[in-house]
Amino acid sequence: MDKKFGFVRVAAAVPMCHVADVNANVHEIKQQITEAIDEGVEVLCFPELTLTGYTCADLFFTQQLQQDALIGLQQICEFTRGKSIVVLVGAPLKVDNNLFNCAFVLTDGEVMGVVPKINLPNTGEFYEKRWFTSGRAVRESNGQPRIPTIELWGGDVPFGIDLLFMTSHYCFGVELCEDLWSPLPPSTQLAIQGAEIVFNLSSSNCVTGKHAFRRQMITQQSARVHCGYVYTSSGVGESTTDVVFSGSTYIAENGDILEIGERFVHDGRLTISEIDVERLRTDRQRNTNFTKDQYGHYRKINVAPIESDIAFIEPLHRHFSPTPFLPEPQDNDAYCGDVFSIQTNGLARRWEHTHAETLVIGVSGGLDSTLALLVAVQTADMMGYDRTRILGVTMPGFGTSDRTYSNAMRLMEALGISMHEIPIRDEATMHLHSINHDMDLHDVTYENAQARIRTLILMDLANKYNGLVIGTGDLSELALGWATYCGDHMSMYGINAGIPKTLVRYLVIYAAENYFSGTIRETLVDIVSTPVSPELLPTDEQGNIAQKTEEKVGPYELHDFFIYYFLRFGFSREKIAYMASLAFEDQYTPEQIEYWLNIFMHRFYCQQFKRSCLPDGPKVCCVSLSPRGDWRMPSDICEL
């Protein structure tokens, strides 16, 4: 395994705060550092003004508290010596005649840098400008640091708002509390300059609605600048003179919340997760607006924490959904509604533009053709067209089962479209005889001849009835090349080309439960439970499906997982296999995952020639295989 596949384990700490009692706070901090090391945490972030407490008010002016804070800071710094962790703590610091609210970056017994808070709140209960000076004061008008270093315990330490901290495999930056709430958060500039993770030492109080709003801000900021964002805030130990503190913690990554800590806890706690910096780098390299020119010079501080004797403590704290293309339950209606709207509006525009009289669809009784038919019906209804302008064609062949044939006929009849039944057995037999193919040899020629005959029939019907042939193949099949070239591979509009197989199944279930009832619902439910098959090989003696796709190419739930992380983020096969082993821990062994991943990779690379000449089709999810849009790859390429 490489350097943890880009996963950086981070933690947001909320210690039990003892206002103005630095010794007690040092004790709490040391305990949490020890706990974090045991958990394999690489960077541990404490709240704003950790060593003193945030609510000390005019006590910040006292020499005693300032001196106690420096002594406590030195104790914490020394405590990190020989330990494999980076610690961020907050404390007041007097520089010249100004008092700053600072974040201190500590590792292996050294202070690596000090970052002063820039944006000071000016509300009644948090009038920080009464006590502290903004970090802007440490910069000259030309952007250069006015006080580049400060002296701490006989050594010079980098000081300023222009610091980036570099380790061997990631870069991070620091902002404090109100900085996030400003019109131009420092984290924006830090990220553009290279920070992949931003740590926010905060002390935000709790009022109704603020928790959700703060979560929204953190989510949006992490998405806007493609970063990991670790936020921690003071807990219930702070003074409750006028406000209450809840100890809010969040860990976000590129618009996703990975962890949220429990609030109002009356002892110390850690919120732990892993930031995937490889994932962040993928999005940044695709975003050509990530340029450094506009924000001037930033200093990069090399931070070299001691490497742990343990290469990587497993398992990860973060969760990987086995179905990354599917929505969260609370988002079902909005997500599925968007998918159907994209498909129907895309098809409506093509139908309207071509002045076609009809839509021609091959209806097999399988999942893909069912979804395409439902979309066509919704499109006709939306445009005010009679459903009879949709020509559903079922074409029984050598492998058509009674179950799929019956479902296709029932569904077309119940939906009220025009129905055509055109058996292809005789035509396929004649064709195979004409090329001297043994009818008992059930090879790829035997299979593909049927698929191409079906496509020929659909195309000719489209000519006859001034129609458009609607493709039914989905994204998963295109990724695997599981389509007959110039057979089901070809159409006049590939309505399902942007939808992976797991989502196809999900959408049909959703439609059955929300849009239809009676015979249509019953038929859709049975279609969903039917094994996925091209039905090109003869059925068994009982007339049941003998050819099952997932026995040949592998489970589609695995392939869709592979597709998501390979196409969306370009991850290595080793990392994808590792993540899949976590997502499917109770379903597949690592050996099974490795086997099917190798099948996927081989098929993906050798089948590009089919994707290089795909018909038009709408992009629906975050990835697409359109050769004109999201995915461009040579057809003759060595497998990576």
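**Overall picture and interior**

Modeller: Of the 640 residues of the protein chain, 56% count as buried, that is, under 20% relative accessible area with a 1.4 Å probe and protein chains only, where exposed is over 50% and partly exposed lies in between. This is a predicted model, in which local features need pLDDT of at least 70 and side-chain atom pairs count only at pLDDT 80 or more, while totals for chains, interfaces and linings use all residues. Residues are numbered from 1 along each chain as its sequence is written, and side-chain values use heavy atoms, leaving out hydrogens and water.

Colleague: How many helices and strands are there in the chain?
Modeller: The protein chain has 19 helices and 20 strands. These are DSSP runs numbered from the N terminus, with at least four residues for helices (H or I) and at least two for strands (E).

Colleague: Which residues touch the most other members of the largest nonpolar core?
Modeller: They are Leu373, Leu415, Phe562, Tyr565, Phe600 and Phe604, in a core of 87 residues. Such a core is a set of buried Ala, Val, Leu, Ile, Met, Phe, Trp, Tyr and Cys residues joined through side-chain atoms within 4.5 Å. Helix H16 (residues 556-569) gives the largest share, ten residues.

Colleague: And what is Phe562 in contact with?
Modeller: Leaving aside neighbours within four places in sequence, the contacts of Phe562 include Ile576, Trp596 and Phe600; contact means heavy atoms within 4.5 Å. A second, separate core has 45 residues, among them Ala36, Phe46, Val89 and Ile150.

Colleague: New topic: in what order do the seven strands of the open sheet run?
Modeller: The order is S13-S12-S11-S10-S9-S8-S15, with mixed pairing; two strands pair if DSSP finds at least two bridges between them. At the edges are strand S13 (256-260) and strand S15 (299-302), each pairing on one side only.

Colleague: How do S8 and S9 pair?
Modeller: Strand S8 (residues 163-166) and strand S9 (residues 171-176) are antiparallel, over two bridges. Phe165 stands opposite Phe172 in S9.

Colleague: How many disulfides are there?
Modeller: The count is zero, taking a disulfide as a pair of cysteine sulfur atoms within 2.5 Å. For Cys45, the nearest cysteine sulfur is that of Cys177, 12 Å away.
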